[in-house]
Amino acid sequence: MAEPLGDFTRTHTCGALRLDDVGADVVLLGWVHRVRDLGGVLFIDVRDRGGVTQVVFDKDDPALMAKAKRLRSEFVIGLAGCVRRRSPDTINSKLPTGEVEVVVRRLALLNEAKTPPFPIADDAPVSEDVRLKYRYLDLRRPGLQGNIGLRHRVTMAIRRYFDANGFWEIETPILTKSTPEGARDYLVPSRVHPGEFYALPQSPQLFKQILMIGGVDRYMQICRCFRDEDLRADRQPEFTQVDVEMSFARPDTIFGIIEPLMHDIFAVVGREIRTPFLRMPYAEAIARYGSDKPDLRCGMAIRDLRDVFRESPFRVFKEIVGSGGTVRGFVVKDAGGYSRSEVDGIVDQAKQLGAAGLVWARRAGDGTITSSIMKALGEAGVRQLLEAAETGPGELLLVSAGEPDATSKLLGQLRLNLARQKGLLNPDESAFAWVVDFPLLEWDGEERRYVSMHHPFTAPHDDDRDRLDTDPARVRAVAYDLVLNGSEIGGGSIRIHDADLQRRIFSLLNISPEEAKLRFGFFLDALEYGTPPHGGIALGLDRICTILSGEDSIRDVIAFPKTATAVDLMSDAPSPVDAKQLRELHLLTQK
């Protein structure tokens, strides 16, 4: 039976005691972590958020010993006792408290516990579904508790930084207007306005721009956002972003605020990062790395090799180049000695990624040259190819041909696969880059219209505005993504601050004036009242904490995440609701 807390008042956390505390009377409160019964002496590790302390019960107090023998893993206890030094042969160097222990004089059994469905005392592998169902137990485990603590420290560092730089944290609405242009909205029916709906915000985009119109000048918010989209390891239906907006900003202004912020964030885990970050145009990122979020840790940039094949006897590649296609390749270091079966395995990987084929050439450590197209090119042609790609001794060149973007994207995927296999993606390295000059628009073949690559409030590049009507596909946006180790951890832009230009962009997106007024009328009206130039960015807090913690999924840095099918296994949400609630909301459901 559970005892009351009574006069037990914690003096120390279970991770706080050290040699300086020897002789002190202390009170610890926490969970039974482990029990070791040696007959005449009972050792118990007691755990709380702060850590673990070993406590000791001995046979000199039979009543206390009998009570202690009832304790089991995850029982909640309070204890009072005296700190003593451990003998040299019993010191636990793995614990910060490992040089001391507490001799217990009083014990309160505050609550019992059923046997947990998985061990709490260590991070042994457990099915993710089981972990999510019993999240309240999973949160006690060292790994997840460490991640949640890290997230807190990162959040506090962010708030301190922005406060020191003159930003105000302002809360924007959670119940707002549906303005679909991108992911699907989560809709909330209004009880007092039958047939009408709020939407949960996909981001505070319009509100933070309105704050700039309102003269706030520098805004930030650590905010919850909601998107009803298909999920992956780095997506959740509700997520947290660090939202930032500044008046009178250029891209350099934003970069100058965010780079020192990232320095402070990484300092939380003791990691130094170098600034300024590399800047790379979108077209270069796609051409050289096959991705708009390139992982730069492994090198192996993709090279343009068209010139080698313009007049080449290798007719397949010559014809591709002649018809406007490309030939591109990248060099793999320390691969010149691969066996033929290993090289064939790489070719098979490329085919699985969608390549019609993959050409290779290599220079062995002794200078010997071999290639899959030696007969077609001859040794001189292969040597020219290797030299064009700057392939050194002991290196392997992989080459593909076809439509430019598709070729680079395929080689980019193959590049990352090989980098993982060769262990070239050092988790302790932080390769930041700003990807800039994105296309403003992209063609949606299904809807047969242009859509915004970022969002419809992104400003076009000043030098490209004359192309909006004549060649919209070639208009660059004043947009930028912050990329780290192959993950996009932030995205932003300079915004449109002119109402006429905003209407012009809506027109390009096939949004009629009537539809624009219905969906964005309040915002278009606000733009008419002296809107300053402004821009901002949103950083993915979940993704940043995932990288800092070394985890693979954002679910491991969120206290209560959903599954990949957007289900909360612990609370069993979503779930049916009472018919009365549906009637009050004027809703009918279909089976």
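**Ground rules**

I'm working with a predicted model, where local features need pLDDT of at least 70 and side-chain atom pairs count only at pLDDT 80 or more, while totals for chains, interfaces and linings use all residues. I number residues from 1 along each chain as its sequence is written, and my side-chain values use heavy atoms, with hydrogens and water left out.

I take helices (H or I, at least four residues) and strands (E, at least two) as DSSP runs, numbered from the N terminus. I call two strands paired if DSSP finds at least two bridges between them. Strand 14 covers residues 359–363. It pairs with strand 15 (residues 369–371) in the antiparallel sense, over three bridges. Five residues sit between the strands in this hairpin, and Gly-367 takes a positive phi near 95 degrees.

I then checked the pairing with strand 16 (residues 395–402): five bridges join it to strand 14, and the two run antiparallel. Arg-363 has Glu-395 as its bridge partner in strand 16.

Next came burial, where I use buried for under 20% relative accessible area, exposed for over 50% and partly exposed for in between (1.4 Å probe, protein chains only). Strand 14 is mostly covered, with five of its five residues buried. Val-359, Ala-361 and Arg-363 point one way, Trp-360 and Arg-362 point the other way, and all are buried. I noted the general rule beside this: side chains in a regular strand alternate between the two faces of the sheet.

**Strand 4**

I moved on to strand 4 (76–85). Seven of its ten residues are buried, so I logged strand 4 as mostly covered. Strand 1 (residues 25–37) runs antiparallel to strand 4, and seven bridges join them. Gly-30 stands opposite Ile-77 in strand 4. Strand 5 also pairs with strand 4 in the antiparallel sense, over ten bridges. Here Ala-80 stands opposite Arg-106 in strand 5.

**Salt bridges**

How many salt bridges does a search of the whole structure find? I got 42, counting a side-chain nitrogen of Lys or Arg within 4 Å of a carboxyl oxygen of Asp or Glu.

I wrote down three of these pairs in detail.

- Glu-101 and Arg-84 meet through their side chains at 2.7 Å, N to O. The pair links distant parts of the chain, with Glu-101 in strand 5 (residues 100–111) and Arg-84 in strand 4, 17 residues apart. Glu-101 is buried at a relative accessible area of 6%, whereas Arg-84 is partly exposed at 36%.
- Arg-140 bridges to Glu-74, with the closest N and O atoms 2.8 Å apart. Arg-140 is in the loop between helix 3 (135–138) and helix 4 (142–164), and Glu-74 is in the loop between helix 1 (62–68) and strand 4, 66 residues apart. Glu-74 counts as buried at 2% relative accessibility.
- Arg-279 bridges to Asp-252, and the closest N and O atoms are 2.6 Å apart. Arg-279 lies in strand 11 (residues 278–281) and Asp-252 in helix 6 (residues 251–267), so this pair ties together parts that are 27 residues apart in sequence. Arg-279 is partly exposed at 42%, and Asp-252 is partly exposed at 47%.

I also found a network: salt bridges that share partners join Arg-131, Arg-135, Asp-138, Arg-141 and Asp-556.

**Asp-185**

What does the side chain of Asp-185 make with the side chain of Ser-178? I found a polar contact of 2.6 Å, meaning a pair of N or O atoms within 3.5 Å; within protein, one must be able to donate a hydrogen and the other to accept it, and residues adjacent in sequence count only if both atoms are side-chain atoms. A polar contact of 2.6 Å also joins the side chains of Asp-185 and Gln-202.

Asp-185 is in the loop between strand 6 (168–169) and strand 7 (186–189). Asp-185 is buried yet has no salt bridge, and the nearest side chain of opposite charge is Arg-227, 7.9 Å away. For charge, I count Lys and Arg as positive and Asp and Glu as negative, leaving out His and the chain ends.
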